[in-house]
Amino acid sequence: MKPVRNILALALSLAIAAPAMAEKLPLAAISSYFNSMATAEAEFTQINDDGSLSIGRIFIRRPGRIRFEYKPPDESLVLANGGQVAVFDSRSNQPPERFPLNRTPLSLILARNVNLENADMVVGHTEDGPATSVIVQDPKHPEYGSIQLIFTANPVALRQWVVTDGSGQKTTVVLGEFERGRSYRSRLFSIRSEMSDRGF
């Protein structure tokens, strides 16, 4: 486990590399950052609760659509569209596991209008050196878990997030630089099309 911890520490330090002094980003600035993001994509490294690592590419088309493509040897796929999340397990011949998007913390940043100034939603807002951390949770359903978002400034950029699910397991996603403004076909986020392609 020690090498994994070292990799994690390195990845997190690189993800928030920036000038040493920075002010805490206002929630309004972070909300505007998300609301101005129509489409985006980036490479990501995922650190799972058991310490294992996965890499891949994330595609976002707001509101409500996200795609996680995992690279070999994983090759799994996670899609969100139409208020649903589908998890395609590359090791299974079964149809994807599906559940409502609004039962995941990611629904809060994929919303049509992100407003983190809603005090009931934000349960933490802190600054640590160059990074601003915001912890967001659905106040009506804390059992759905929470998401910790970590940003740097000048310009505002999301660098990583940590999802804590209802059972307390944590998944950290470290993001590369976002490429914004690209056009994506709806099929890229289509759960039905992906199921058809896979013979389900």
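Biologist: In which strand is Thr132 found?

Modeller: This is a predicted model, in which local features need pLDDT of at least 70 and side-chain atom pairs count only at pLDDT 80 or more, while totals for chains, interfaces and linings use all residues. Residues are numbered from 1 along each chain as its sequence is written, and side-chain values use heavy atoms, with hydrogens and water left out.

Thr132 is found in strand β8, residues 131-137. Strands (E, at least two residues) and helices (H or I, at least four) are DSSP runs numbered from the N terminus. Thr132 has a relative accessible area of 1% and is therefore buried; buried means under 20%, exposed over 50% and partly exposed in between, with a 1.4 Å probe and protein chains only. A polar atom of the Thr132 side chain lies 3.0 Å from the backbone nitrogen of Leu25. Leaving out residues up to four places away in sequence, Thr132 touches Leu25 and Ile30, among others, and also His125, Leu149 and Phe151. Contact here means heavy atoms within 4.5 Å.

In general, an α-helix has 3.6 residues a turn, so residues three or four places apart point the same way.

Elsewhere, Arg61 is found in strand β2 (residues 53-61). Its relative accessibility is 21%, so Arg61 counts as partly exposed. A polar atom of the Arg61 side chain lies 3.4 Å from the backbone oxygen of Tyr184. Beyond its neighbours within four places in sequence, Arg61 is in contact with Ala38, Thr39, Tyr184, Arg185, Ser186 and Phe189.

The loop between β1 (39-47) and β2 holds Asn48. The side chains of Asn48 and Gln46 are joined by a polar contact of 2.5 Å, a term for a pair of N or O atoms within 3.5 Å; within protein, one must be able to donate a hydrogen and the other to accept it, and residues adjacent in sequence count only if both atoms are side-chain atoms. Asn48 also touches residues including Lys170 and Thr171.

Gln46 and Thr171 are among the residues nearest the centre of the largest pocket, which is lined by 31 residues. Elements giving two or more residues to this lining include β10 and β11 (170-175). A pocket is an open set of points on a 1 Å grid over the protein atoms alone, where a 1.4 Å probe fits, with protein on both sides within 12 Å along at least five of seven lines; lining residues have an atom within 4 Å of a point.

As for confidence, the protein chain averages a pLDDT of 86, and 88% of the residues score at least 70. pLDDT is the predictor's confidence in each residue, from 0 to 100. Over residues 1-20 pLDDT stays under 50. Where pLDDT is low, the predicted coordinates should not be read in detail.
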